[in-house]
Each structure stands twice: as structure tokens, then as C-alpha cells.
Amino acid sequence: MSEEKVDLEGGVTRMEAAFGSGDGDEEATAVVASSEASLGQIFEQKYRPWKGELGPRWMRNYAIFRHHVYGVFTSKGHRQYHPMVRLLILVIFLASLTPIPMLFLSSLIGDEGGFFEKMWGINRYNLWGQVLGYFPRNLCMWPLLTAVVVGGMISDDRQHGTSAIYFSRPISRMDYISMKYLSVAIILGFVIVFSYFAYYTSAIVFKAEGWAYLADTLPIFLGGMLAGAILVITYTSIGLALSSISQSRFFAAIGFLSIIYGTKLVSLLVELQFDTTFMYAMSPYDCLAHMGQSLLGIPPNYEHPVSISVVSLIVMNSAAIWLLVSRVTSLEVTRE
Amino acid sequence: MSDEEPLSEAPVIIAKGLRKMYGPHLALDDINLEIPRGAVGILGPNGAGKSTLFKCLLGLITTTSGEGSVLGHDIRTEGEQIRSKIGYMPEYNALDPNLFAVDQVRYAGELLGMNSKNATQRAHEVLEYVGLKDQRYRKIETFSTGMLQATKLACALVHDPDILICDEPTNGLDQRAREFMLQTLNRTVREGKRSVLMSSHVMDDVQDLCDSIVMIHKGRIVIQSSIDDLVEQVDKEIELVIWGGASKMEKELSSVGLETRRLGRIIRVKLENDSTIDKALEAAVSAGVQVRQMKEYEPDLEDVFLLVMDKLGSQIKGTEDLMTAEHTGGD
């Protein structure tokens with residue numbers, strides 16, 4: 001608004017009329033506000049062509065990957081993860097790194113072969129426990145982490161119809177599935193496998209270990225790393241399959257937790273009742289744990305051969321990926 | 001992407017003997033199409049095969065038989081190239097409610113292979129073009145239906161496609177938003193020299209924007225022609241507004257051998273020759289009714305549509321029969 005002087009032509013201003021004062025002012029002007037807005041075109045619609053070149057397939061795929069992974073760090077401009085989800089991922093990541101300060105403490109106090117060394121030092125059992133230990137990691141952390149990450153990964157596209165944004169563009173179903181899969185696997189892998197890697201390397205650094213130590217422990221470490229990678233793959237497959245069959249991120253998350261905890265619980269009850277570990281072959285966690293024990297060279301807790309757990313894992317992954325592919329194939333472009 | 005190129009007269013979309021079957025169900029039957037540059041309306045009742053045709057043209061589903069090309073690319077083998085050159089605006093919601101409009105459009109561009117910088121710049125341009133300049137940094141969940149439609153259009157236009165396919169672009173829009181949407185599409189065709197393929201149940205929208213139409217019924221093309229040519233083919237009528245006994249007047253007109261259509265007190269009489277007006281006025285005298293208004297009736301696309309549907313035996317009394325609450329915004 002601007003001010004302008006209005007000639008009152010010998011009349012009275014509104015103030016004067018209101019208060020009955022200032023009569024006899026022949027040259028009266030009043031300062032009043034006037035709108036600066038003028039009539040006319042305030043929006044010029046103009047079509048602007050674009051002469052750029054579209055990038056190749058990897059650029060399109062990288063866009064999907066980046067959209068989902070960067071969203072964990074910043075939701076600005078990328079897929080939105082709820083702040084509580086991001087906080088939970090951070091807490092789980094920090095919790096998975098807790099052996100590192102213990103190792104530091106152990107090296108600081110010179111606890112060679114003592115309590116700290118036994119509890120958190122590098123050995124077959126601790127390396128196995130870092131990835132596959134039931135409490136707290138596989139009971140609390142990894143399933144929760146997977147549930148919150150995969151929850152809306154595909155179900156959100158089904159719910160909001162955003163699959164049309166992908167498939168009306170030169171994105172194939174396979175690219176879509178691959179990039180979603182990779183995004184989830186990278187997030188899970190960052191927390192599960194990276195924390196395992198950090199744990200092992202920090203033990204070497206804090207204790208100033210040499211080549212001999214490395215030669216002794218590296219095969220065990222790699223076995224654990226492989227077990228961790230298979231855990232990430234299995235959880236990603238099951239989680240994404242559940243996400244692809246629903247329009248609700250809650251269903252996918254609860255479904256995943258139910259499968260992990262439910263199969264574990266049923267198998268435990270069968271073992272207690274019938275004294276057989278065979279039912280653990282239907283529990284993803286136990287199959288992974290069994291295979292991990294074999295890879296790290298520690299005595300198994302299960303009576304059935306490890307090959308059954310391996311076959312079971314292959315079947316679980318195959319079934320989950322088949323379900324994922326078939327459900328993504330059914331995602332519509334014109335109507336959902 | 002190619003605004004400097006001279007406009008070719010060659011059809012942008014060609015289909016020959018296209019058939020698509022879903023199991024035993026025939027969705028498209030012997031579709032022969034030649035769609036020229038410009039704006040073309042795709043009309044047809046629900047379930048006619050419009051969406052299936054779009055999916056075939058986008059190269060998303062394999063056709064059972066026949067062949068087709070879009071911008072010279074084979075729809076059976078070059079779906080990716082086709083989708084790179086086409087902007088598709090879906091009928092239903094296809095936006096992430098948690099994103100800002102500018103981020104949604106940028107992401108839509110990145111999914112086409114645009115780098116982040118170009119996609120961001122272009123997102124700002126197209127959002128301004130569709131009238132959302134001041135709403136760029138608002139979350140999509142806060143948008144009205146008109147703004148959602150405009151954002152979908154911006155996503156489709158982000159890479160400056162040669163052909164824009166719009167599925168019911170004025171769905172649920174109020175009059176003002178509808179006019180702006182049609183104006184934007186019109187400008188894209190006339191100023192941007194792009195082709196628009198639009199499906200709609202609102203005949204007025206199609207008539208406002210399109211030069212020609214393709215009408216589909218039960219998977220077959222029943223009409224493919226310019227709107228002007230079609231309207232020419234419809235019988236000329238005179239429209240009478242009757243007071244004091246429209247039913248009597250209707251009977252009287254029939255008795256003198258005139259063909260009529262009645263909508264309450266409005267009666268339309270087929271204009272057969274110069275004596276039709278005299279006959280109608282004499283009938284009014286005989287029936288003892290007042291003719292408050294008499295004018296030549298200009299047929300529109302809706303008349304053409306209803307006439308064709310009537311001839312095909314469809315039980316459609318008006319285009320509102322084709323609409324759901326989604327089309328009308330719940331009204």
C-alpha cells in the first residue's frame with residue numbers, strides 16, 4: 001500500500017467529522033492509503049520448450065535409488081520417512097555400535113583375557129552374535145529396522161497411485177523392483193553389515209593388532225559378513241514382498257514382525273513339546289542363525305543338518321521374490 | 001524437445017488391426033487409427049477400451065495382434081523410447097502427498113533421465129506454466145483437486161514431450177479450474193506445437209480443445225473424424241419453447257409428420273425443408289399453445305455422441321450417465 005494525498009475540496013476529513021474539530025480549513029487534504037495493485041495481467045502463461053537430452057537407464061535407476069536412500073538422511077526433496085522412523089534407525093545404528101566403546105575401554109584398561117575381552121572381544125561367538133545374536137539384535141533391532149524401512153516402500157505407491165509416475169515413464173518393472181530392493185538392502189546393510197565391519201576394524205585399531213591376527217580372524221570375519229549379507233537379502237525379500245501386497249505400510253511392518261517372531265515362537269513351542277528342532281527350518285531367523293553358525297565354525301544349536309536351513313532360506317527368498325515380482329507386475333498405470 | 005522442427009503432416013500415432021485380449025475377453029478389436037498432430041479427443045463409455053488403448057500406445061502391454069507406432073516407434077518393441085517422448089497425465093491421483101510440488105515434478109523429471117539440476121529448473125518452469133508458481137513449496141497433501149490436476153500436468157510436461165496423453169484432465173474441477181486447465185492444454189497445442197490426446201466424458205471440454213475425435217465402443221472404433229465434419233452430418237433442428245401444453249404440441253407435430261425430441265417445454269423439430277417452420281407454427285395454432293421462442297438449434301458434440309450411442313444400442317441418455325462421483329467432484 002502507498003500513501004496518497006486526497007483533495008477534500010473544502011470539505012471535512014473523516015477525523016474532523018468524527019471529532020467535530022478543525023473546521024474552516026479551506027485547503028484540506030487527507031493522507032489515505034491506496035492499493036498499489038493495478039488492473040492488468042499479473043500472470044503471463046507462456047509455453048517454454050526444453051531442448052535438453054534425457055539421460056540413460058542408469059540415471060533413471062539412480063534417481064529411484066537416491067530418492068529412497070537420501071530420504072533417510074533428509075526428507076527434503078526425497079521420500080519422506082517419519083521423524084520417529086529416522087530416530088529409530090539412528091538409535092538402532094548407535095546401539096549396534098555399542099561393542100566399539102567396550103573394546104576401547106578394554107584396550108584402555110589393559111583387560112587382556114578378562115571380562116571385557118570375553119564379552120566384546122573378537123572371537124567366533126561374538127562375531128556371530130554381532131550379526132545373528134537373538135538378543136538384542138535379532139529380537140529387537142534388525143526386525144524392527146526392516147519393518148520400518150520396508151513398510152511403505154511399495155505399499156505407498158499402491159496407496160497413492162504413484163506407481164503411475166514410474167511406469168508411465170521409461171522405467172521397467174524390473175528396474176523398479178531392483179532399485180527398491182537395492183535401496184532397502186543398502187539401508188539395512190549400512191546398519192547391520194557396516195556396524196559389523198566397524199566392530200571388527202575397531203578391534204584391530206584399538207588393540208594395535210598385526211598381520212598374524214588378521215590372518216587368523218579374517219576368514220571368520222568374512223563368514224560373518226556373508227551371513228550378514230544373507231540376512232539383509234532375506235529380510236529385504238520378505239519385507240518387500242509384504243509391502244507389495246498391501247496398500248498399508250502398517251500391514252507390511254506388522255506382517256514382517258509376525259513372520260519373524262511368530263515362526264520363532266511356534267518352532268520354540270514345538271521344540272519344547274516334541275523335543276525336535278526340525279520346525280526351526282520354517283523360521284527365517286533360525287535358518288540364518290544356523291547357517292551363520294556353520295559359516296563361522298561354531299557348534300550349531302540345531303539337530304537338523306544345515307543343508308535344510310540353507311534350502312529353507314532359498315525357498316523363502318524365492319517365494320518372496322516371486323510374490324514381489326508378481327504383485328509389482330499387477331501395479332496399474334491407468335487405474336489403481 | 002524439438003520445437004524448432006517444422007510440423008510434419010505425418011500422423012503421430014498409427015495403429016493397424018490392433019487387437020488386445022485379456023483371456024477370453026476382447027478389450028480392443030481391429031483398431032485402425034491415424035492420429036494427426038494437434039488435439040484429439042478419445043471418447044467412449046466406461047469399459048469401452050480407452051485405457052487399454054492408452055496402455056497399448058504407451059507400450060505397457062503387449063498386443064494380441066496387429067501393429068502400431070507412436071512417433072515412428074513400434075509399440076510392441078520400443079515402449080521405453082515411446083514413454084520418453086510422451087507425457088502421461090493419469091486420471092487418478094498419482095502424487096506423493098508428502099512431497100512439495102516442486103520436488104514431485106523434479107522427481108518425475110529425474111525418472112525420465114533428466115539430471116537433478118535440469119529437472120529442478122524445469123520443475124520451476126512448468127509449475128509456473130500450470131499456474132502453481134506460488135504453491136511450489138507447498139506439500140501436495142494440502143492441494144485442492146484443481147492444484148492436484150495441475151501438478152499432474154506439470155509432471156507430464158516436465159520433459160517437454162511431443163505428445164501429451166491426458167486421461168480425464170478436468171475430473172472434479174470447478175468451472176474456473178476447468179477453464180484454466182483447458183486454456184493450458186490449448187496453449188500447449190497452439191503455442192507449444194505439441195499434440196494432445198485427451199479422453200473425457202465432458203463433451204464440452206473435448207469440443208473446446210480438440211479438432212477431431214476418436215470414438216470407441218466395445219473395443220472398436222466407431223468414429224474417427226473431425227468435429228466439424230461430424231456436426232455437419234447431424235440433422236438440423238429448430239428449437240421451440242412451448243407454453244400451455246407441450247404434450248399437445250408434441251402430438252400435433254407428430255400428426256403432421258414432423259420428427260421431434262422433447263425436453264420438458266422445449267421441443268426440437270427436425271428441419272426437413274423450408275415448410276417445416278410453417279408446419280410447426282400451424283401445429284401450434286391447432287394445439288392452442290404459445291410459442292415463446294423459436295430458433296435454429298446448433299448441434300454439439302454431445303448430440304453426436306448420443307446419436308452414435310443410440311444407433312449402437314447403448315442405453316445412454318446423457319453424458320452424465322458415464323460419470324461417477326470422481327468425475328463430478330461428488331456433486
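In the predicted model, Thr201(A) is exposed, because 12 other C-beta atoms lie within 10 Å of its own and a residue counts as exposed at 12 or fewer. Thr201(A) is part of helix 10 of chain A. Although 79 residues separate Thr201(A) from Ile122(A) in sequence, their C-alpha atoms are 9.9 Å apart in space.

In soluble globular proteins, nonpolar side chains tend to be buried together. Around Ala154(B), when residues up to four places away in sequence are left out, the contacts are with Val105(B), Val126(B), Leu127(B), Val130(B) and Leu132(B).

Chain B was then examined as a whole. Its secondary structure consists of 12 helices and 14 strands. Taken along the principal axes, the C-alpha atoms of chain B fill a box of roughly 75 × 45 × 40 Å. Chain B has 331 residues, of which 46% count as buried. Among contacts in chain B with a separation of 6 or more, 67% involve residues 24 or more positions apart.

Within chain B, 4 strands form an open sheet in the order 12-13-11-14, with antiparallel pairing. Its edges are formed by strand 12 (260–263) and strand 14 (290–297) of chain B, each of which pairs on one side only. On average, and with direction ignored, neighbouring strands of this sheet are turned by 20° against each other. Strand 11 of chain B, residues 237–243, runs antiparallel to strand 14 of chain B and is joined to it by 7 bridges. The bridge partner of Leu240(B) in strand 14 of chain B is Met294(B).

A helix accompanies this part of chain B. Helix 10 of chain B, formed by residues 275–287, lies across strand 11, strand 13 (266–270) and strand 14 of chain B. The direction of helix 10 of chain B is at about 15° to that of strand 11 of chain B.

Methods:
Residues are numbered from 1 along each chain as its sequence is written. Chains are lettered from A and ligands numbered from 1 in the order in which they are written. This is a predicted model: local features need pLDDT of at least 70, side-chain atom pairs count only at pLDDT 80 or more; totals for chains, interfaces and linings use all residues. Two residues are in contact if their C-beta atoms, placed from the backbone, lie within 7 Å. Two strands pair if DSSP finds at least two bridges between them. Helices (H or I, at least four residues) and strands (E, at least two) are DSSP runs, numbered from the N terminus. Axes are lines fitted to C-alpha atoms, for helices over the stretch in contact, and angles run from 0 to 180 degrees between N-to-C directions. A residue is buried if 20 or more other C-beta atoms lie within 10 Å of its own, exposed if 12 or fewer, and partly exposed in between; C-beta atoms are placed from the backbone.
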